[in-house]
Amino acid sequence: MYILGLHYAIWIVLVLYFIGMLLMGWWSKRGAHSQEGYLLGNRQFGVTMMIMHAFGAGTHPGNVAGVMSEATVSGASGIWVSWMWLFGTPFYWLIAPVIRRMRCLTMADYYQERFGKAASLLYIFVAAVGMTVFLAGVLLATTRTVQGMMDKTVVEETSQVTAQQTTTTSPAADKQEGQDASWFYRAWQTVRCDPWFFGILLVSTTVFIIYSYWGGIIAAIRTDMIQGLMIIALSFIAIPAALRLSEVGGLAGMRETLAAQTSTDVDYLSLFNPGKFSLLTVLLLTINAPLTALAFPHLMSVCAAGRTEWEGRVGFTYGNILKRVCTIGWCVLGLCWVAYLIKTGSEIHKDAAFGNSIRTLLPPVLQGVMLACVMAASMSSGDAVQVTVAGLFSQNIYRVYLNPNASEKQLVRVTRIIGVGVALLALVGAILMRHSLVKAILDYFNILSLVGISTAMGLLWRRMNSTGMFCSTIAAVFTFVLTRYVIEYTSDIRAITIGAPILAGVAGGIVGSLLTRPPNKETIEKFFKKIYVPIGAEDKLELPLDEAVPESQRLTTAGGLFLVKPSRQSWIGFVVTLGICIACVLVMLALLK
């Protein structure tokens, strides 16, 4: 039985999923009565919950669809659409405990404490706009992906015209009438399919708004636990069905088919593509990844909502490691699907690859599960953005400038209201951008990451001041725009758009800081004591910096730097994580060979 064109089993799975998420949000209301409870869940979560929170907050349908889409046209190198963060992941092991030791509620708290109120306002503006646009992109990507899986996508092109449309008396008239008929057909399809677009968008957005409004980050983390497991299922559930297809013939058959299609333009079985993801590009992305992570407003929750440093460290690092492993599944599915299309002589539709493969490979019940998984991936990113961006305004604008004596109850209420506003703005953005997910969206998200340069410099260099922070951000953004839009260069040095902004940001921070007054010594020493005194050793915060962090623990202080020697836990964890990342690459190479 079909309801509105979909099998009834799909509707049952979706309804049960939405009800479950709403109940989870209602249950989480009990722990969200204070600002710390609403934004950081009272720092109560264990390792498993923190892993799934980091995994869910960092994974959305655009990752899955993007890898599969790129794999159909570029082959295995399409994996770097998501793996661009791969070799930056070991640095998360080092970042997480520092963020936890800040003992802040938001990332804007860090900017205010380290650089002053003006820097905090700059961060809030850039982060709020960037993350709202990012969320709009996630909602749009989710809606389009679900439309494709439901076969409710607007037809963008008409591949053939009916006989009635092409019967004319002259070639010119035939061409004109065919164009008119094609335009009319596309318009009719838009009218027919747009209700599905708005319906999917509104339902998924409404659900995560409600449960995030009720339970804040507590609801987000608890639902991320469930949704994270669903995303893992999404990553691998369709692969066995794809490999069993006679046209694919398992991994060996897939490799044979793709090897026969390899040309000078596309090498389906190569992990590196000189035009897009060369080895140099991957190395630069390794540097860029931790800088990007340092700019995210939800970094505080994924690192600091755990009971101790250990929960944040393991959660942030291995939640992202889990995503890297799942990316292998997305790429393999994409390669299987393109092999199937080649064998059957079907046309390759890049952007429809994910939706078409799911409809072909899975029965109705599993299609429903997959639809729920896709929506789960969207909601797990949406709830984190909604709560953390709202926290920036309530904690660092409302509390600082509008109502310094606000009670915890008032702050939570303001955070909830602003959170709804952020989600609604993202919803409007998704509607306005529904005809194309333009490059500017991704560019603004990249600009947000450039703020991470000043974050890192503030953690490593005592001489960095407010002027340096502004100069670093402005120089990095200007260089990014210059290399992205103005300077023309060949594809083999395209990595300049990654490396040049980083160098400009560092140079801007150094020059701006050295040409102006150094920061207050007492303030700086207090800050560095915080980030180098472990959680649980708060009595050391009352000591002078030289006693709290003695010379024997310092790696270098040359030139104003302040680096401590890594603990055994730090360097062993870093090496182990790096080994896992290398193993992921080796596994992918083995699958291709």
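How many nonpolar, polar and charged residues are there in the lining of the second largest pocket? That lining has 27 nonpolar residues, five polar ones and five charged ones. Keep in mind that you're looking at a predicted model. Here's a quick tour, from the whole chain down to a few single residues.

**The chain as a whole**

- The protein chain has 24 helices and four strands.
- It runs to 593 residues, and 54% of them are buried.
- Take the contacts between residues at least 6 apart in sequence: 84% of these join residues at least 24 apart.
- The chain's accessible surface is about 24,800 Å², and carbon and sulfur atoms account for 65% of that.

**The second largest pocket**

- This pocket's volume is about 1,200 Å³.
- It is lined by 37 residues, and Leu94, Val98, Leu460, Tyr532 and Leu563 sit closest to its centre.
- Several elements give two or more residues to the lining, including α13 (279-293), α15 (309-344), α19 (439-460) and β4 (563-564).
- Helix α6 gives the most, with seven residues.

**The largest cavity**

- If you search the whole structure for cavities of 30 Å³ or more, one turns up.
- The largest cavity holds about 50 Å³ of space.
- Its lining is made of Leu39, Leu40, Leu105, Thr106, Pro297, Met300, Ser301, Thr388 and Gly391.
- Helices α2 (35-40), α14 (299-304) and α17 (364-402) each give two or more residues to that lining.
- Sorted by type, the cavity lining has five nonpolar residues, four polar ones and no charged ones.

**The nonpolar core**

- The largest nonpolar core has 170 residues, and the ones touching the most other members are Tyr17, Trp83, Phe316, Phe354 and Met588.

- Arg324 belongs to helix α15, and it counts as buried because its relative accessibility is 1%, where the cut-off is under 20%.
- Setting aside neighbours within four places in sequence, Arg324 is in contact with Trp83, Trp85, Leu86, Thr89 and Tyr92.
- Apart from neighbours within four places in sequence, Thr479 is in contact with Ala500, Pro501 and Ala504.

**Two arginines with positive phi**

- Arg43 isn't a glycine, but its phi is positive, at about 50°.
- You'll find Arg43 in the loop between α2 and α3 (47-57), where it is buried, with a relative accessible area of 14%.
- Arg103 has a positive phi as well, near 55°, and it isn't a glycine either.
- Arg103 lies in the loop between α6 and α7 (107-115).
- Is Arg103 buried or partly exposed? It counts as partly exposed because its relative accessibility is 23%, and buried would need a value under 20%.

Note on methods
Residues are numbered from 1 along each chain as its sequence is written. This is a predicted model: local features need pLDDT of at least 70, side-chain atom pairs count only at pLDDT 80 or more; totals for chains, interfaces and linings use all residues. Side-chain values use heavy atoms; hydrogens and water are left out. Buried means under 20% relative accessible area, exposed over 50%, partly exposed in between (1.4 Å probe, protein chains only). Contact means heavy atoms within 4.5 Å. Accessible areas come from the Shrake-Rupley method with a 1.4 Å probe; for residues, only the protein chains shown count as cover. On a 1 Å grid over the protein atoms alone, a cavity is a set of points where a 1.4 Å probe fits but cannot get out, and a pocket is an open set with protein on both sides within 12 Å along at least five of seven lines; lining residues have an atom within 4 Å of a point. Grid points are joined across faces, edges and corners, and a volume is the space filled by probe spheres set on the points. Ala, Val, Leu, Ile, Met, Phe, Trp, Tyr, Cys and Pro count as nonpolar, Asp, Glu, Lys and Arg as charged, and the others, Gly among them, as polar. A nonpolar core is a set of buried Ala, Val, Leu, Ile, Met, Phe, Trp, Tyr and Cys residues joined through side-chain atoms within 4.5 Å.
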